[in-house]
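This report is written for a reader who meets the structure for the first time. Please look over the sequence and the model before reading on.

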Amino acid sequence: MAPRILLPLLLALALPADDKIPRGKSKKAEPAPANLVWPGPPERPRIRFVAVIQGADDVTGKRKPSFVERMSGKPAEGEQLRLSKPYGVAVDQAGKIYVADPEKRGVLVFDRENKTASLRKGNAQFPLFLPICVTTDRDGRMYVSDSFAEQVVVFDPDGKPVAAFGKGTFKRPGGLAINAERGWLYVVDVKRNEVMIFDLRTLALVKVFGGSSKSGEFEPGTLSGPTNIALDASGRVYVSDTFNCRIQVFDPSGRFLRSFGSQGVRPGSFLRPKGVAVDHQGHVYVVDAGFNNFQIFTPEGKPLLFVGSGGDAPGQFLLPAGMAIDHQDRIYVTEQRPAGSRLQIFEFLPEQPASPQGGGKVERRIQ
């Protein structure tokens, strides 16, 4: 059945940014409505806004520093742990949020459940210069791609950097994803136009796929400026082929399966696709830094819904970049806004359970 939200999707894509908000400037953020959802009435809502995180204060609930404290010249802890230029984001099984921030030269870790925040940085042996993306494995280790140092740095569960690899192999490592069943780490190389697979146990290179097109055309399986990557429950690999304005899908070993999207303003097209993620029902979510929104697709690439527009209010975006979806289908999107960078959190709303009299099954797909 064709989704009924294609018309509003088309209208939104034709207006990629709020022309009332000049680039580089920021108006005061508006408070979120009590129930900010997409699509709006009379359609059944499927996505709901949850929260915004700009720094530790939004997680810990600590008070803002007083005037005297600010005048002392020493930045408060909350100020030190504020997002500056966030890009990659990941969420572990415990619900901890990891945000790679190149300007902080580290990864901010937010624990909303325990109301804590911290900053993980490199050390003299394994420094972090330009952390771009982050992911974690089942054992609590953290992997951070460093675009400047051309390597991936590994942190132990306590947040200590313990290893680095890829020097001399990478040119500009970016997006990261882990296939826990196979014990593989996927690393996107933006400059080489490739995806590299590493063995998590040995950190040895297993395989490379992708590569630049030899003809200059949009050949299936070739990449141009790829940025982000995600896996679905079956291990299929989704790569944001940014300069080609499409998402490419591969099997776990890197064999090309299909692609969807192209440059344009029609439903399902892209301007600057970046963050990509897949929920537990196989819906594919794609952040577009040009449209200032994210779109939701079927596993086959059929557009279903868009969320957001250009602006500063909750549910609006300015330079969205990274994306992650946790095990509860909560959606996390970073923004590299010139003033007040932030992380916005949404959630997927499933169908309401059928009544005992109805006896129907719960359908979680967006239709």
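## The largest pocket

The lining of the largest pocket receives at least two residues from each of strand 3 (89-91), strand 7 (131-136), strand 11 (173-179), strand 15 (226-231), strand 19 (273-278) and strand 23, where strands are DSSP runs (E, at least two residues) numbered from the N terminus. Strand 11 gives the most to this lining, with five residues.

The model is predicted, so local features need pLDDT of at least 70 and side-chain atom pairs count only at pLDDT 80 or more, while totals for chains, interfaces and linings use all residues. Residues are numbered from 1 along each chain as its sequence is written, and side-chain values use heavy atoms, with hydrogens and water left out.

The residues of the pocket lining divide into 23 nonpolar, 15 polar and ten charged; here Ala, Val, Leu, Ile, Met, Phe, Trp, Tyr, Cys and Pro count as nonpolar, Asp, Glu, Lys and Arg as charged, and the others, Gly among them, as polar.

## The largest nonpolar core

Of the 19 residues in the largest nonpolar core, Ile47, Tyr285, Phe294, Ile331 and Phe346 touch the most other members. Such a core is a set of buried Ala, Val, Leu, Ile, Met, Phe, Trp, Tyr and Cys residues joined through side-chain atoms within 4.5 Å, and buried means under 20% relative accessible area, exposed over 50%, and partly exposed in between (1.4 Å probe, protein chains only). Strand 22 gives the most to this core, with three residues.

Leaving aside neighbours within four places in sequence, Phe346 is in contact (heavy atoms within 4.5 Å) with residues including Trp38, Ile47, Phe294 and Ile331.

Glu194 is in strand 13 (residues 194-199) and is buried, with a relative accessible area of 16%. The side chain of Glu194 makes a polar contact with the side chain of Arg192 at 2.9 Å; a polar contact is a pair of N or O atoms within 3.5 Å, in which, within protein, one must be able to donate a hydrogen and the other to accept it, and residues adjacent in sequence count only if both atoms are side-chain atoms.

Lys121 lies in strand 6 (residues 116-121) and is partly exposed, with a relative accessible area of 40%. The side chain of Lys121 reaches the backbone oxygen of Lys104 at 3.4 Å, and Lys121 stands 16 residues from Arg105 in sequence but 6.6 Å from it in space, C-alpha to C-alpha.

Notes: Helix = DSSP H or I, 4+ residues; strand = E, 2+ residues; numbered from the N terminus.
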